[in-house]
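Please look over the structure shown here. The report below takes it part by part.

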Amino acid sequence: MEFIYYFGDVFTPISFGLLLLGTIGGLILGATPGLSPTMAVALLIPFTFQLEAAQGLILLGAAYTSTVAGGAVSAILLKIPGAPANIATTLDGHTMAKKGQGARALQLSFLASAVGGVFGVLLLIFLTPVLAKWALAFGPSHLFWLAILGVTIIGSLDGSSVVKGLLSGCIGLWLSTIGFDDIMGAQRFIFHPSLGGGINIIAALIGLFAIPQVLSMFAKGRKDTTSELISVEKHSIMDALREVVSSVRALSIGTITGSIIGLIPGVGGQIAGLVAYDQSKKFSSEREKFGTGHPEGIIAAESANNAMVGPSLVPLLTLSIPGSPTAAVLLGGLLIHGIFPGSDLFDNHPQVAWTFINSMLIGQVLMCIFGLYVAGLAARVATVPQYVMAAIVLGLAVFGSYSVQSSMGDVYVMLSLGVMMYFLERFGFSAAPLVLGLILGPIAEANFIQGSMIANATSGLGPYFLTGTLNLFLIAIVIASIIYSVWMELRSRRYTAKEDLI
Amino acid sequence: MKHLIAGAAMALMAVTGTASADGHANYPERPIMMMVSYGAGGATDFQARIVTMTAGNEDALGMPIAILNKPGAGGRVGWNWLAGQAEADGYTLGAYNVPHFIAQSIKGGVEYSADSFEPIANWGADPAVFVVGKDSEFNSMDDVVNFAKENPGKLTFSGAGLFVGHHIAALQLEKASGAQLAYIPNNKGGAGAMKAVIAGEVMGGVNNLSDAFRAEQAGNVKILGVFDLERNDFLPDVPTLKEQGYDIDNASVNFRGVMVPKGTPQGIIDKLAATVPEMFKNGRVAGKMKAGGSPMHIMTRDEVLEMWAAREVTLKELLAGL
Amino acid sequence: MNRSQHIIPSGIVAAVGLWVAYISFTQQPSEAFLFPRLIATIFVVLALWTFAKALLGRSRTGAGLSWEIIRNMAPGLLVALIYVFWAAKGLGFYTATTIAFFILLCLYDPAPHNVLKSWGKRLLITVCFMAVMYGLFAKLLKVYTPREIFF
């Protein structure tokens, strides 16, 4: 309960002002295509040079929480996921916005984010010592199985054909191997100089999601679309609140999945949303509604995204190991002020540590209030005529993918992947599995190679990868996931015409 | 008096005249970009952001330096870009890590060598150290080496990758002790390698002194030896490998500094070489670096050129057998 | 129509799969290509399966393409390709974006071309958009984009 004692420090005029600044700034940065939470926090670091340690961290903590939620804004309104975390949000959120229910989608996403986020930070406050052990329990073999688990959801994620889903996943896995191999340093598949640094995940995301949408707007041609213009429905916040509360299942699946996955160093943030989305789809009685603008899809994805924020800082605060790129940047923010995180951080610098955590707690609430306030206004983006929208999204995609690492190569990769994806989508391939493959490829590969190097020096491959409680547990989930997908496939095939599937 | 003013004016004109003759009198006219070939939040990135934070001051460059991260494959991605694709106009700087890029260029498969870049100045020197988990049975390097001699190839220890400082230190240890070791490169850099040690995935690890110092303060690891010529101010109680009887020099010490791609106009190189070391000496920079546990070591362009040449010779010898 | 349409994309994917497999199994060092070999094997199996199904005319998913779609899309796609692959670097980001944005509006805006008012509207939208982009990327985020001719 010690944290309550330090709540006062968050509400001093300067601190609260910084908290507001961080939250609003974070939402804007998060909603800008191409700016991931990591980059947004890195951009703010120079501002903290001038501030005291606690104040600097208030700014960074608030910015971190709200950039993750802000990514949902561009995912819902423009179908450009701000970061890998927001991919799952586009699936239902953008469909909903296209139906004129953008305000509802945004309200749901902010409310679910706040619920997940507050839960995650509370976990960080109360269970840090326990969670720290859990975070360390994942060695190379476990991370490898976890990546394989991710691969098994590829087929069931999106689209109507399992084989094409898996094939899209394979294309993604292959794309992830382009560039220098991370451990040996060998060059692989570099057939154009732009690919020397591999395919940047943010640039790829922008291309794969935004460009097909631009092209399908072009495909409608120069005709009067005012008749197609949707009226943006107003949606009361109370209704959204009721809707979130009534989707307990999606909310709890999202929050719990996000918290657990967020803990695992190096994996968490990127796949939490997708895994939660897939799980709540599997457990839902209205499975077929997912992907057509179903509120549960948004709630699961967004609560998972923000639930992961708190736990992802556990390894950093207790063990001084940054578990994610954003945590690494936050570590820099701490070090500049001479604060070394570690198990004694809460004894040596309680004021800084607790103020930081409290600011994330209050930041979640502020982010939600501010987000709900602008949701109705932001949803009007959907009334922008399509020909203007296509040009705007194209321009944003080009600037966004360039600003990731000031590289023209990323822009070329973005457009090439996007144009390719448009044509593939017309023939039943889909972007979400492809992106999941792109994310999981490096995790699976690096952990397999590291694991096998350790295994060869010690107990041998078989015992290293196939024994141990956690390994067996993960393998069991992998098998269960595969059996479940096959069973669902067979069951639904019985009800529909045979040729339509696979 | 009149003569004096006229003389001064003449002198001034002469100075500006020669300076503008090669067109760099006003350099820099816009913000400068510095490429760091490791991810945001890593030790190199963190230090680069601190040492460049005063670049906008009038007594330094008068223009801010923005950090651009191009991580991947132990730094190869970023340095390849700097050597091949970056514009050599003085507005694109790069951070170097020695011995990393020299070792990689000797090993091959990259588009750069020490001749592809022009050093400007060095800001830091971060020696490699040997760490083990806090509950480890090893208490000195002799314990480690004896275990490795009894169990050849079974002593697993982590490091930040292949052909980086940590790997060089590992090779030196293997050579000096005569034991057979199992070096496990990590794809997440020094932080990932440290996690592997703390979590007990490996029996030990080579890591940066700055990161290991922090982990030791947090009570997570023991530091058994420093791969340098003398003990470090941050760790006065930890003996060097040489003191423990292993013939290992400072070839693995991670020198960090600023360079530009070859082809950058000489006028700009001269101006940077004169200004940048002074910029590093700024009191605020030193204070932040010390607070973050990062050892500073400022060297001028000439000293760095000498250091690069010396490293190239040592590394060629060490890597010859691989 | 539908059958031959599916043959082309699945054929291209299968060809890419075979190429990936060929590279993976011939390049050295083999440790570095271990993972690509694994992926390539699954890739080729799935791609050939899809291709076979397309040949048999049993591919039903996806909406396919029509001449109308291609005709409508071609000018926009052409502008996008020229914009990204040449103009953005050749003319500078802001100049190229302004021109590309304006051309796209003219191509797809249904308002009549012979009225001065609709041209004014297009110009106004372009100027507003560029102002926002300049403020956001150049001023707020301080991204230094290639700028050849103007700002």
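## Domains of chain C

Chain C splits into domain 1 (2-55) and domain 2 (68-140). These bounds come from an automatic or database domain assignment. The centres of the two domains of chain C, taken over C-alpha atoms, lie 38 Å apart.

This is a predicted model: local features need pLDDT of at least 70, side-chain atom pairs count only at pLDDT 80 or more, and totals for chains, interfaces and linings use all residues. Residues are numbered from 1 along each chain as its sequence is written, while chains are lettered from A and ligands numbered from 1 in the order in which they are written.

## Where chain C meets chain A

Chain C brings 52 residues to this contact, and chain A brings 51 residues. Two residues are in contact if their C-beta atoms, placed from the backbone, lie within 7 Å. On the side of chain C, the elements giving two or more residues are α1 (2-26), α2 (34-55), α3 (67-90), α4 (93-108) and α5 (116-140) of chain C. Helices (H or I, at least four residues) and strands (E, at least two) are DSSP runs, numbered from the N terminus.

α3(C) gives the most to this side, with 10 residues. By class, the side of chain C that touches chain A has 38 nonpolar, 9 polar and 5 charged residues. Ala, Val, Leu, Ile, Met, Phe, Trp, Tyr, Cys and Pro count as nonpolar; Asp, Glu, Lys and Arg count as charged; the others, Gly among them, count as polar.

## Where chain A meets chain B

Here 48 residues of chain A contact 50 residues of chain B. In chain A, α4 (37-48), β1 (179-180), α17 (325-335) and α22 (431-457) each supply at least two residues. The largest share of the chain A side, 6 residues, comes from α17(A). That side divides into 26 nonpolar, 19 polar and 3 charged residues.

## A strand pair in chain B

Strands β1 (residues 32-36) and β2 (residues 65-69) of chain B pair in the parallel sense over 5 bridges. Strands pair if DSSP finds at least two bridges between them. M33(B) has A66(B) in β2(B) as its bridge partner.

## A helix in chain A

Helix α6 (residues 87-98) of chain A has 12 residues. Of these 12 residues, 11 are buried, so α6(A) is largely enclosed by the rest of the structure. A residue is buried if 20 or more other C-beta atoms, placed from the backbone, lie within 10 Å of its own. Among the buried residues are D92(A) and H94(A). Just after α6(A), G100(A) takes a positive phi of about 90°.

How values were computed:
Expected span 1.5 Å × (residues − 1).
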